[in-house]
Amino acid sequence: MNMKIAFVGKGGSGKTTLSSLFIRHLAHRGVPVTAVDADINQHLGPALGLSDEEAAAVPPLGGRLPLIKEYLRGDNPRILSAETMIKTTPPGAGSRLLRLDEDNPVFAACARTVEPVAGGRPVRLLATGPFTEEDLGVACYHSKTGAVELCLNHLVDGREEYVVVDMTAGSDSFASGMFTRFDLTFLVVEPTHKGVSVYRQYREYARDFGVALRVVGNKVLGAEDEEFLRAHVGDDLLVTLGQSDWVRALERGVRRPFPELEEGNRAALSVLHREADAAYEGRDWERYTQQMVHFHLKNAASWGNERTGADLAAQVDPGFVLREERAAQAVG
Ligand SMILES: Nc1ncnc2c1ncn2[C@@H]1O[C@H](COP(=O)(O)OP(=O)(O)O)[C@@H](O)[C@H]1O
Ligand SMILES: [Mg+2]
């Protein structure tokens, strides 16, 4: 199986914690994983065991956009320059596609290897980079998560490998189409009114675009919490995790062996894994490509054409469908 999985939710709900536990679960089982930190607050590196200094030294995708664009553009005649390539510019004939099992200039420039589980499989880590106050609300902010979107739109994940993305549930991901890029989205929800209201908003977008969405309850402390979530989320509630002493210990700097994670929480991670594997059946490359074109045309009209001074709709290659075999044919 090769799966693109997102963990989304409001700040503090436990996205980074659950992303990092799920990544550990996969690494422990020897599954190849690429972990992507796409949250405004970059915490995934430390959650996977990097020191703050090591995490800060991971080269941000957002800082390598010219390189990424120039590489992905390849010989695509519809994309006249890297400068006219925006975060939603879709691949077409001549574009270079990304494979997880290859060396390419994007991974060479930005990927770092982390070992979140002793004796487990090493994990590739990519990060969008931190957002400064200045970035919020302006082009740079979008261009940083945009690097992840560009990469996902050019990714043909054609063998058994997981991409796990830690990201916010903010309106930014809805405007760009980022939220449609995953085989399965885990929405992390605490048993609170705020948590549930994020769920309601996300569910509307997910429905409109056929996004597979499952809710993971977090910090669920007892039967009342469980009932509250069940009442508001219904069948979208997949599983719940409780307060974890293992996680608390990690926060104190005590790194316990992964198999010592509480049994209930380990069982919950297995449920996430099974659900993710099963989502592969829902994968539809044509719809995936159509959605990137949909969001590209929307972004082109609302700001892209004006920003670049080009007709970005002309970048769409109408005959192109992203799919696994394409990688072999793409320009070297
Ligand atoms: N299941 C859990 N057990 C114990 N602590 C948790 C759990 N989930 C989250 N936390 C703690 O809650 C805080 C916020 O979690 P975090 O994963 O950083 O949230 P987010 O990434 O959604 O902002 C962190 O201190 C984290 O360690
Ligand atoms: Mg986080």
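In which loop does T192 lie? I looked up T192 in this predicted model and placed T192 in the loop between strand 6 (184-189) and helix 8 (193-208).

**Conventions**

I noted that residues are numbered from 1 along each chain as its sequence is written, and that chains are lettered from A and ligands numbered from 1 in the order in which they are written. Because the model is predicted, local features need pLDDT of at least 70 and side-chain atom pairs count only at pLDDT 80 or more, whereas totals for chains, interfaces and linings use all residues. Helices (H or I, at least four residues) and strands (E, at least two) are DSSP runs, numbered from the N terminus.

**Entry: the whole chain**

I found 13 helices and eight strands in the chain. The C-alpha trace spans about 55 × 40 × 40 Å along its principal axes. I then checked the radius of gyration, taken over C-alpha atoms, against the globule rule of 2.2 Å times the number of residues to the power 0.38. For 332 residues a compact globule would have a value near 20 Å, and the chain, with 19 Å, agrees with this. Of the 332 residues, 43% count as buried (20 or more other C-beta atoms within 10 Å of a residue's own; exposed means 12 or fewer, partly exposed in between; C-beta atoms are placed from the backbone).

T192 is partly exposed, because 15 other C-beta atoms lie within 10 Å. From C-alpha to C-alpha, T192 and V220 are 10.0 Å apart in space and 28 residues apart in sequence.

I next examined K219, in the loop between strand 7 (213-217) and helix 9 (223-233). K219 counts as buried, because 20 C-beta neighbours lie inside 10 Å. K219 has a positive phi of about 60° although it is not a glycine. Most residues other than glycine have a negative phi.

Is L184 buried or exposed? L184, in strand 6, is buried, because 22 other C-beta atoms lie within 10 Å. I listed its contacts (C-beta atoms, placed from the backbone, within 7 Å). Leaving aside neighbours within four places in sequence, L184 is in contact with M3, I5, A212, R214, E275, A276 and A279.

L98 lies in the loop between helix 4 (65-73) and helix 5 (105-110). L98 counts as buried, with 22 C-beta neighbours inside 10 Å. Residues up to four places away in sequence not counted, L98 touches N104, V106, C151, H154 and L155. L98 and H154 are 56 residues apart in sequence and 5.7 Å apart in space, C-alpha to C-alpha.

**Entry: helix 1, helix 11 and ligand 1**

I looked up how helix 1 (15-28) packs with helix 11 (residues 263-279): the angle is about 80° and the axes are 10 Å apart. Axes are lines fitted to C-alpha atoms, for helices over the stretch in contact, and angles run from 0 to 180 degrees between N-to-C directions. Helix 1 is therefore roughly perpendicular to helix 11 (65 to 115 degrees; under 35 is roughly parallel, over 145 roughly antiparallel, the rest oblique). L21, F22 and H25 of helix 1 meet L269, L272 and H273 of helix 11 in this contact.

Which residues come nearest to ligand 1? Of the 17 residues around ligand 1 (C-beta atom, placed from the backbone, within 6 Å), these are G14, K15, T16, T17 and S244. Helix 1 and helix 10 (245-251) each supply at least two residues of the shell.

Terms used. Two residues are in contact if their C-beta atoms, placed from the backbone, lie within 7 Å.
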